[in-house]
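Subject: Structure handover and notes on its contacts

Dear colleague,

I am passing on the structure that I have been going through, and I would be glad if you could read the notes with it open beside you.

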Amino acid sequence: MLNEIVAFLGRRGEFFYISVFMLVIFFVFLISWLIEPRRLINGVFFTIFLVSLLSWTTVMIHKSTSHGLQRAYDLLFLVALFGITALLIFAWIFLFWNAYFVWKYESHTLPNFLTLIVGFIALIFSILVLVGPGRYLPHWLSALLASIPAIALYLGLVLYNFLVNLLLYQIYPRHYKQDYLIVLGAGLLNGDQVSKLLAARINRAIQFSNRQYQKGRKRPIIIMSGGQGPDEKIPEALAMARFAQHHGVPTDQILIEDQSKNTYQNMLFSKRIATQDFDSDKFRATFFSNNYHIFRAALLAKEVGLKANGVGAFTRLYYLPNAIIREFAGVFVMHKRRHFVIMGVIILFFILQAILAAAGIIKFNVV
């Protein structure tokens, strides 16, 4: 099959056009990402570049005179394709394994059960794919049920694009010329103590401040952002300020934002405080959270008009899958209207297929 693709692309100088397209889409992605990394479209551009790079590599190798290299590449391609397929079908094994560690080391709250819940969904879906019950059902019902894997495929692509953007955001260049560092709050231990997760955010901001100062620039003001939850004795921002002071940050370099209840308000209220303190909205700012959270936080910062990108603090590896699923759900909800419209169109398409199958106009089978 690969040889046929190569033969088609190799005619009439298609290799040249693939090369040009690959370079163009790479620069489109790079410019878009560097100018504004808080765009979901960046993941689409990057994926198109990867596909074009794979096509370019495939054509280049099959144009070579080394048959051994060609066979090795074809084998590697098939192994990778098989590995990805197996990973998708048996993803539930990893999700259950991760759920065990989250259960063992974290609190037993509903958000920490996400990998367990998704694991069961993945297990059921894998069984349905392997058994293929659609072949035993009427054509119209098969057509109707086919909307489920179609929607699952769409959600998988949306999740993939989110993961690409999340990974790209981790390596976005940092600029040590900031006026303000905004540290996003998190729940307190015993109602007044900074948790390890929150401490990692504060320490990362302090490290950034020290690095900027070492480069010969002024120290930025640190804005501690976090209100008081119903089970907390003091506002998160106050506990964060005390923690920072204990680690050597002077009081006059800290501002407190203690009214926010979520990340959106963190960004909105911190922007107001910085604007008032700077006497202008032309300040430069960077915010700090955990690495899994910074991309969604960046989208919310963009939503409130805060020109700031994020720096992520380290998170324990076993906690990442659960946290990333939660972040994906948050980003999905932010764009729910768009997603529901697309899923609605998918469902309508398969309803039409079911009607045509019931009328005997077409035959539909789920293999």
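This is a predicted model: local features need pLDDT of at least 70, side-chain atom pairs count only at pLDDT 80 or more; totals for chains, interfaces and linings use all residues.

Residues are numbered from 1 along each chain as its sequence is written, and side-chain values use heavy atoms, with hydrogens and water left out.

Salt bridges come first. With a salt bridge taken as a side-chain nitrogen of Lys or Arg within 4 Å of a carboxyl oxygen of Asp or Glu, a search of the whole structure finds four. One of them joins the side chains of Glu327 and Arg296 at 2.9 Å, N to O; because Glu327 lies in helix α13 (residues 320-334) and Arg296 in helix α12 (residues 294-303), this pair ties together parts that are 31 residues apart in sequence. Helices here are DSSP runs of H or I with at least four residues, and strands are runs of E with at least two, numbered from the N terminus. Both Glu327 and Arg296 are buried, where buried means under 20% relative accessible area, exposed means over 50%, and partly exposed lies in between (1.4 Å probe, protein chains only). A salt bridge also joins Asp179 to Lys218, at 3.2 Å from N to O, and it links distant parts of the chain, with Asp179 in the loop between α8 and β1 and Lys218 in the loop between α9 and β2 (221-225), 39 residues apart. Asp179 has 6% relative accessibility and therefore counts as buried. Through shared partners, salt bridges join Asp179, Lys218 and Arg284 into one network.

Next, the aromatic contacts. Rings of Phe, Tyr and Trp (its six-membered ring) pair if their centres lie within 6.5 Å, and planes under 30 degrees apart count as stacked, over 60 as edge-to-face and the rest as tilted; on that basis the whole structure holds 19 aromatic pairs. The pair of Tyr176 and Phe208 is stacked, because the ring centres are 4.4 Å apart and the planes stand at 25°. Tyr176 lies in the loop between α8 (147-170) and β1 (180-184) and Phe208 in helix α9 (residues 196-214), so this pair ties together parts that are 32 residues apart in sequence. Tyr176 and Phe208 are both buried. Arg211 lies over the face of Tyr176, at 5.3 Å from the ring centre, the criterion being NZ of Lys or CZ of Arg within 6 Å of the ring centre and within 35 degrees of the ring normal.

Helix α3 (residues 41-63) has 23 residues and reaches 33 Å from its first C-alpha to its last, close to the 33 Å expected at 1.5 Å a residue, where the expected span is 1.5 Å times one less than the number of residues. Among the buried residues of α3 are Asn42, Thr47, Phe49 and His62.

Finally, the surface. Trp140, Leu144, Ile347, Leu348, Ile351 and Ile355 form a nonpolar patch with about 540 Å² of accessible area together. Patches are made of residues with over 30% relative accessible area and no salt bridge, with like charges joined within 9 Å and nonpolar side chains (Val, Leu, Ile, Met, Phe, Trp, Tyr) within 5 Å; accessible areas come from the Shrake-Rupley method with a 1.4 Å probe, and for residues only the protein chains shown count as cover. The largest share of this patch, four residues, comes from α14.

With best wishes
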